[in-house]
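Subject: Handover of a structure and findings

Dear colleague,

Please find below the structure that I am handing over to you.

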Amino acid sequence: FEQLEKLEKYYKDLEILEKALKEVQEIVRNELLQNINYYLSKIWKMFYPYKDYKDLRLIATEDDYILQFLTSQEKWIEVEKVGSGGEKTIASI
């Protein structure tokens, strides 16, 4: 019975650790994306000469990262779906 109590305590400790790790991961991921997007925006504005896509950002989904353009209508759209070869090349810098 004593061993079962120890295992239950270990299990609770692991649950706490798992929750803490997820929270830290979210904080680090958000900070990383914020910094990446700061520089993506600067680079995009330096190299993209047209007005149809005003900005570029990277967003995180649960499974993936997605590059998006900001259109002149202030709507974010996926680069992969609408970008030309040249636009995708600049976005990949």
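The notes below go from the sheet to the core and then to individual residues.

Please bear in mind that this is a predicted model.

The sheet and the helix across it

The model contains an open sheet of three strands, arranged in the order β1-β2-β3 with antiparallel pairing. Strands β1 (53-60) and β3 (76-78) form its edges, each pairing on one side only. On average, and with direction ignored, neighbouring strands of the sheet are turned by 35° against each other. Strand β2 comprises residues 65-71 and is joined to β3 by three bridges. Helix α1 lies across β1 and β2, and its direction is at about 160° to that of β1.

The nonpolar core

Which residues make up the largest nonpolar core? There are 12 of them: Leu33, Leu40, Trp44, Tyr48, Tyr53, Leu56, Leu58, Phe69, Ile77, Val79, Ile90 and Ala91. At least two residues of this core come from each of α1, β1 and α3 (85-92). Leucine 58, one of the core residues, has contacts beyond its neighbours within four places in sequence with Leu33, Ile36, Asn37, Leu40, Tyr65, Ile66 and Leu67.

Glutamine 68 belongs to strand β2 and stands opposite glutamate 78 in β3. The side chain of glutamine 68 is joined to that of arginine 57 by a polar contact of 2.7 Å. When neighbours within four places in sequence are left aside, glutamine 68 is in contact with Asp55, Leu56, Arg57, Ile59, Trp76, Ile77, Glu78 and Val79.

Serine 41 is placed in helix α1, which spans residues 2-47. What does the side chain of serine 41 make a polar contact with? The partner is the side chain of aspartate 55, at 2.8 Å. Apart from neighbours within four places in sequence, serine 41 is in contact with Asp55 and Leu56. Asp55 and Leu56 are also among the contacts of glutamine 68.

Glutamate 74 sits in the loop between β2 and β3. Although glutamate 74 is not a glycine, it has a positive phi of about 65°. Its relative accessible area is 48%, so glutamate 74 is partly exposed: the value falls between the 20% and 50% limits.

Valine 82 is part of helix α2, residues 79-82. Valine 82 likewise counts as partly exposed, because its relative accessibility is 38%. Not counting residues up to four places away in sequence, valine 82 touches Tyr53, Phe69, Ile77 and Glu87; Tyr53, Phe69 and Ile77 are members of the largest nonpolar core. Between the C-alpha atoms of valine 82 and tyrosine 50 there is a separation of 15 Å, the two residues being 32 residues apart along the chain.

With kind regards

Notes: Residues are numbered from 1 along each chain as its sequence is written. This is a predicted model: local features need pLDDT of at least 70, side-chain atom pairs count only at pLDDT 80 or more; totals for chains, interfaces and linings use all residues. Side-chain values use heavy atoms; hydrogens and water are left out. Helices (H or I, at least four residues) and strands (E, at least two) are DSSP runs, numbered from the N terminus. Buried means under 20% relative accessible area, exposed over 50%, partly exposed in between (1.4 Å probe, protein chains only). Contact means heavy atoms within 4.5 Å. A polar contact is a pair of N or O atoms within 3.5 Å; within protein, one must be able to donate a hydrogen and the other to accept it, and residues adjacent in sequence count only if both atoms are side-chain atoms. Two strands pair if DSSP finds at least two bridges between them. Axes are lines fitted to C-alpha atoms, for helices over the stretch in contact, and angles run from 0 to 180 degrees between N-to-C directions. A nonpolar core is a set of buried Ala, Val, Leu, Ile, Met, Phe, Trp, Tyr and Cys residues joined through side-chain atoms within 4.5 Å.
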